[in-house]
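Below is a short report on one protein model, written for reading beside the sequence and the coordinates. It begins with a single residue and then moves through the sheet, the disulfides and the aromatic rings.

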Amino acid sequence: QVQLVESGGGSVQAGGNLRLSCAISGRLMMDYCMGWFRQAPGGQREGVVGLYISTAGSSSTYYADSVKGRFTISQDNTKNIVYLQMDSLKPEDGAMYYCAGDPWPCAYYPPFESGYIYWGQGTQVTVSS
């Protein structure tokens with residue numbers, strides 16, 4: 001059984017930074033994908049960052065145009081944590097952020113908003129102008 005727990009959300013002013021963490025308990029066997037998704041009130045869930053990890057050690061990433069150059073996904077394998085570093089935050093980045101995981105075969109780029117098996121409970125990010 002895999003469980004994902006997000007943390008690190010909060011309120012910041014525009015231009016500020018936050019680092020979200022997704023702690024993974026259990027193990028996503030073999031190759032797998034991790035994604036960060038967000039959903040603003042009244043909006044649809046969108047995938048903003050995707051990560052594919054292979055057992056051979058290679059990885060691939062996807063960033064939505066809206067966050068490219070500002071957000072960075074990384075993984076600490078020793079701690080089984082996936083991070084989302086968010087820099088230069090904008091008010092439109094404010095949303096509930098969710099991390100999700102899925103064993104291979106999986107998608108780490110659009111359309112990948114559906115199909116992930118494991119989801120965290122979400123962490124709120126608020127960006128004031």
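Ser88 counts as partly exposed because its relative accessibility is 40%; buried means under 20% relative accessible area, exposed over 50%, and partly exposed in between, with a 1.4 Å probe and protein chains only. Although Ser88 is not a glycine, its phi is positive, about 50°. Ser88 belongs to the loop between strand 8 and strand 9.

The model is predicted, with local features requiring pLDDT of at least 70 and side-chain atom pairs pLDDT 80 or more, while totals for chains, interfaces and linings use all residues. Residues are numbered from 1 along each chain as its sequence is written, and side-chain values use heavy atoms, with hydrogens and water left out.

**Sheet**

Strands here are DSSP runs of E with at least two residues, numbered from the N terminus, and two strands pair if DSSP finds at least two bridges between them. An open sheet is formed by 4 strands in the order 1-3-8-7, with antiparallel pairing. Its edge strands, each pairing on one side only, are strand 1 (3–7) and strand 7 (71–76). From one strand to the next the twist averages 15°; the axes behind this value are lines fitted to C-alpha atoms, and angles run from 0 to 180 degrees between N-to-C directions.

Strand 1 and strand 3 (residues 18–25) run antiparallel and are joined by 5 bridges. Within the sheet, Val5 stands opposite Ala23 in strand 3. Strand 7 and strand 8 (residues 81–86) are also antiparallel, with 6 bridges between them, and Phe71 faces Met86 of strand 8. These two strands form a hairpin with 4 residues between them, and Asn80 in the turn has a positive phi of about 55°.

**Disulfides**

A disulfide is a covalent bond between the sulfur atoms of two cysteines; in this report the term is applied to a pair of cysteine sulfur atoms within 2.5 Å. A search of the whole structure finds 2 of them.

| Disulfide | S to S distance |
|---|---|
| Cys22 to Cys99 | 2.0 Å |
| Cys33 to Cys106 | 2.1 Å |

The link of Cys33 and Cys106 has 75° about the S-S bond and is right-handed. This pair connects distant parts of the chain, 73 residues apart, with Cys33 in strand 4 (residues 32–39) and Cys106 in the loop between strand 9 and strand 10. Cys33 and Cys106 are buried.

For Cys22 and Cys99, the torsion about the S-S bond is about 55°, so that disulfide is right-handed. Cys22 in strand 3 and Cys99 in strand 9 are 77 residues apart, and the pair links distant parts of the chain. Both cysteines, Cys22 and Cys99, are buried. With bonded cysteines counted along the chain, the disulfides follow the pattern 1-3, 2-4.

**Aromatic rings**

Rings of Phe, Tyr and Trp (its six-membered ring) pair if their centres lie within 6.5 Å; planes under 30 degrees apart count as stacked, over 60 as edge-to-face and the rest as tilted. The structure holds 9 aromatic pairs. One of them is tilted, because the rings of Tyr52 and Trp104 have centres 5.2 Å apart and planes at 55°. Tyr52 lies in strand 5 (residues 46–53) and Trp104 in the loop between strand 9 (95–103) and strand 10 (118–119), so the pair ties together parts that are 52 residues apart in sequence. Tyr52 counts as buried at 14% relative accessibility, whereas Trp104 counts as partly exposed at 48%.

The rings of Tyr62 and Phe112 have centres 5.7 Å apart and planes at 85°, so this pair is edge-to-face. Because Tyr62 is in strand 6 (residues 59–63) and Phe112 in the loop between strand 9 and strand 10, the pair ties together parts that are 50 residues apart in sequence. Phe112 is buried, with a relative accessible area of 0%; Tyr62, with 21%, is partly exposed. Phe37, Tyr62, Phe112, Tyr116 and Trp119 form one aromatic cluster.

A ring also takes part in a contact with a charge. The charged end of Arg19 sits over the ring of Tyr83, 4.1 Å from its centre; this requires NZ of Lys or CZ of Arg within 6 Å of the ring centre and within 35 degrees of the ring normal.

**Cis peptide bonds**

The bond from Trp104 to Pro105 is cis, with omega near 5°, and Pro105 is placed in the loop between strand 9 and strand 10. Pro110 and Pro111 are likewise joined by a cis peptide bond, with omega about -5°. Pro111 is found in the loop between strand 9 and strand 10.
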